[in-house]
Every structure is written in structure tokens, then in C-alpha cells.
Amino acid sequence: MINIQAFSRRNLVSAASNLRKRKSKSILNDQAYSAANEIQNHTFEFGSLATKQSNDKITYFFNDAKSKLVEAKVNDNLKRRYNVKPNDRSVTVSQIKTLLTEGCPFFILKLDIKSFFESIDREQLIEELCSEMLISTETQWLLKKLDAKFTAQNVPGLPRGLSMSTTLSEIALSDFDASVRSMPGVYYYSRYVDDILIFCFKNEKKIKKDTEILLKNLRNLNLNKEKTNEYGIQCKCKRSCVCATDHCKCRAKCKCSEKDGKEESLQYLGYKFIFKNTPNGKKPKNVEIDIADKKIKKIKTRIARSLKGYKISGNYQITQQRLKFLTGNYPIYRGRSDAGLKGGIYYNYPMLTKYDGLMELDKFKRNITQSMKNPIGRAMRLSLTKEQLDWVSNISFVYGYNQKVFHKFNRKEMYEIKRCFES
């Protein structure tokens, strides 16, 4: 029988899907064989962590193949033994939309955990995992090796960027998640990394306070007060209600409707949910879904960098490819072959019902290319033909989304396209 937790050559290669698409089979097998022998002889050492800046945060990664292989297998073992599964984003978005359409009164708490990865007590967590004996002795030994490596390099908490860190954070907060779900008044709970969303029909202040206390007591973590939002979907006539019980007697006489409310927006999982803050009786409320403001800002930055890249290099062909990539859809590679996965403006945001964000992106790109006052626009207008300039101005996010426009890029082209986005 195959020991699925063993750090064999075969298991190491199998767990490292990202490496399989970048390294040749022979090189990867050689590195995996070497790492497996060293682990068996207890001579394996992780390489140094390298760093890069991503979204104003320091992220970490291993440069050498052996460390990447072993870290991936440690992560695989943790996920298997603790049954850690990624949330289905589409399912969660669909659930939130359904909840927001409900006509009855309710409250929403959107909370954020402050400095999430950096604040988790890594040493305590690893000690807990080793004492539970769910993972193999080799996995325990390697976890302690990783802890020592992170300590030596002064890495706080769990290093952002490592797949293992995400898994460890999910394990660390599993008890917290279960406790919040069981709080009186809570009827829906979702957490995506450090973003928490709670729907409750009462006790919203107490639930928020208890969540804060629970987070502190279990993992010594704090909420980010600046990113905390509360939404009350309540009757306008509630102010005149004198009922002292949860079962409001005047609720049946309420004539408040959706049109009486103020428009609110809830941003979660890359989407912006737009709804009114009043109930609507027995009728479902209208909920629109757009792209979140933060994601719009990120795409605008990529548009500007793509066009700036042309100003610097004068390479029109790569500029075309970058704009096709941003406004359209493309294959996502896993392993050495195309697994049929797709990404892009439609496949990243398939739940949209409102296109204001897409139209804003089209306008932003068009304004840059048509402006002689903008240095990038001036450079393009002075060097491109009218046909080329029209193409850059008119390639559309709205059209790419509606028509699911698909572009086939190979891995080399993908690397070149994305290169300017990280600068």
C-alpha cells in the first residue's frame, strides 16, 4: 500500500503542480529523488526564503526546486489530514446574493482580521499540530525545520506567498469559524482568509463584540477597526416601534418597501453587491453585482502599465497582447498541459449583473489613448497609425465580457504579457 504522506520521489513530484509546468521532467525527478533521500537520512535543509513586494505586502518564496517540492508536499499532507478545502467562490457569491434578496430585516457584519498572516503564533500552532499526531513524523520534523528557518530569517507569523501558510491559517481558525457559526442570531457565516462576513437577525452588537473576544482568546488576533463595516437592513418605521420583544407586533403593519431605502454596497470576494437598506415585505429585493472597487483599481493600474510599456519600448505587438489579455479571456495552465481551465475578465467575474465597472475601464483606457496632455497618450498618438490607435482605443472590456472573447497565449507569451504588471 502506498503511504500517501511519505516524502517519496513520486509523492514530491505529484504534490508540486506549479513546478511541473516550469521544470523539465528529468530535472524535477532528479531534485525530488535527492530531496527524498536527504529527508530519509534526516540531512535535508530548506534553502533561504526570497522576498518580493506584492500589493504593499512582503511575500516570500523559495528559489531552489528541492525546497519548493518539500514545502508543497508538507502542504499537501496538512490539507489531507485536516480536510482543508478551498471555498467555492461562485457558490459563496450566489449564497450572498440570495441572502441579500430576502425581504425581511437583518444585519450584516463585514470584519477584517488585522495583519492576519503576520500575527498568527507560528510556533504555538506547529506545536499543536505535532502534539495531535495526525501528520507523519517526517511532516512534523519538516514543519519544525521550516519554523527554525523562518525564525532565523526574522519572518513574523506565517510567510505570505507560501501555499502552506494559507493551509496553516485555515487550520488555526477552524475552531473560531465553528464558534462564530454557532452564535445565537447568526444564520450565515463566511470567511475568506482575513475577510469575515456575518449575516444575523439580532444581537449584531453582541455578535461583533463576541467575535472580537473569541478571536483574541483563541489566536491572539485583532480586528481591523478601519475595515469594519456594519449594515442594517431595517424598517424605517423601526424608530417609532415600542415593542420590547424580538417578536415585533407592529412588524405586520409595516409598509416599508425597497424603494424607501438608501443604496448600499457590500464588497467581498472581488465583487460589489449593490442593494437597498430596507426590507421589502414578502417580495424579494433587487440585488446587482459589479466588480469591486479594489479590483477596478488593480485593472486600471495594469492598463496604465501596459500602455506605459509601449511608451518605453515602442513594441506595439506586445501592447496588443497585453490589452487582449486584460479585456478578454485566456487559458490557465496546470502541469505540462492545458487542463481546460480559463481565466480573464469573464471567467474571473462570471456573476456580474451590472457593467458600470467594465464601462469605467473602457473609458479609462480610451481617455489615456486619446489625450495629447497625457505623456503616454501623446507618445501613442505620435507614433501609431490611425488604424493602430483606433484598435487600442476600441478594444473593449464590455465586449470581451459579453462575448467571452478568448485568446490563446502560450506560456512564453503569458510570461512576457504579465512581466510589466509586477513592476
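Seven of the seven residues of E3 are buried, so the strand is largely enclosed by the rest of the structure. The model is predicted. The protein contains 18 helices and eleven strands, and 46% of its 423 residues count as buried.

**Overall build**

- The C-alpha trace of the protein spans about 75 × 70 × 40 Å along its principal axes.
- Of the contacts between residues at least 6 apart in sequence, 69% join residues at least 24 apart.

**The four-stranded sheet**

- Strands of a sheet pair through backbone hydrogen bonds, in either a parallel or an antiparallel way.
- E3 belongs to an open sheet of four strands, ordered E4-E5-E3-E6, in which the pairing is antiparallel.
- E4 and E6 stand at the edges with a single partner strand each, so one side of each has no neighbour in the sheet.
- From one strand to the next, the twist averages 10 degrees.
- E3 is joined to E5 by six bridges; Lys110 has Leu197 of E5 as its bridge partner.
- With E6, E3 pairs over five bridges in the antiparallel sense, and the bridge partner of Leu109 in E6 is Glu230.
- E4 and E5 run antiparallel and are joined by six bridges, with Tyr189 partnered by Ile198 in E5.
- In a regular strand the side chains alternate between the two faces of the sheet.
- Helix H5, residues 89-101, lies across E3, E4 and E5, and runs at about 145 degrees to E4.

**Asp194, between E4 and E5**

- Asp194 lies in the loop between strand E4 (186-192) and strand E5 (195-200).
- Asp194 is buried yet has no salt bridge. The nearest side chain of opposite charge is that of Arg160, 5.0 Å away, whereas a salt bridge requires a side-chain nitrogen of Lys or Arg within 4 Å of a carboxyl oxygen of Asp or Glu.
- Leaving aside neighbours within four places in sequence, Asp194 is in contact with Leu111, Asp112, Ile113 and Phe116.

- The buried residues of H8 are Thr139, Gln140, Trp141, Leu142, Leu143, Leu146, Asp147 and Phe150.
- An α-helix has 3.6 residues a turn, so residues three or four places apart point the same way.
- The buried residues of H8 pack against helices H3 (25-40), H4 (65-81), H7 and H9 (163-172), and against strands E1 (49-54) and E2 (57-62).
- After H8 comes Asn154, whose phi is positive, near 55 degrees.

**The E1-E2 hairpin**

- E1 and E2, two of the elements that H8 packs against, form a hairpin with two residues between them.
- The two strands pair in the antiparallel sense over six bridges, and Thr51 has Tyr60 of E2 as its bridge partner.
- Asn55, in the turn of this hairpin, has a positive phi of about 50 degrees.

**Loop residues with positive phi**

- Most residues other than glycine have a negative phi.
- Met133 has a positive phi, near 60 degrees. Met133 is found in the loop between helix H7 (122-132) and helix H8 (137-152), and it is exposed, with a relative accessible area of 56%.
- Asn220 also has a positive phi, near 55 degrees. Asn220 lies in the loop between helix H11 (204-219) and strand E6 (229-233).

**A buried proline in a loop**

- Pro279 is found in the loop between strand E8 (271-276) and strand E9 (288-291).
- Pro279 has a relative accessible area of 1% and is buried, because buried means under 20%.
- The C-alpha atoms of Pro279 and Leu100 are separated by 9.8 Å, although these residues are 179 apart along the chain.

Definitions and conventions. Residues numbered from 1 in each chain as written. Predicted model: local features only at pLDDT ≥ 70, side-chain atom pairs only at ≥ 80, totals over all residues. Heavy atoms only, no water. Buried < 20%, exposed > 50% of the residue type's maximum accessible area, 1.4 Å probe, protein only. Contact = heavy atoms within 4.5 Å. Lys, Arg positive; Asp, Glu negative; His and termini not counted. Pairing = 2+ DSSP bridges. Axes fitted to C-alpha atoms, helices over the stretch in contact; angles between N-to-C directions.
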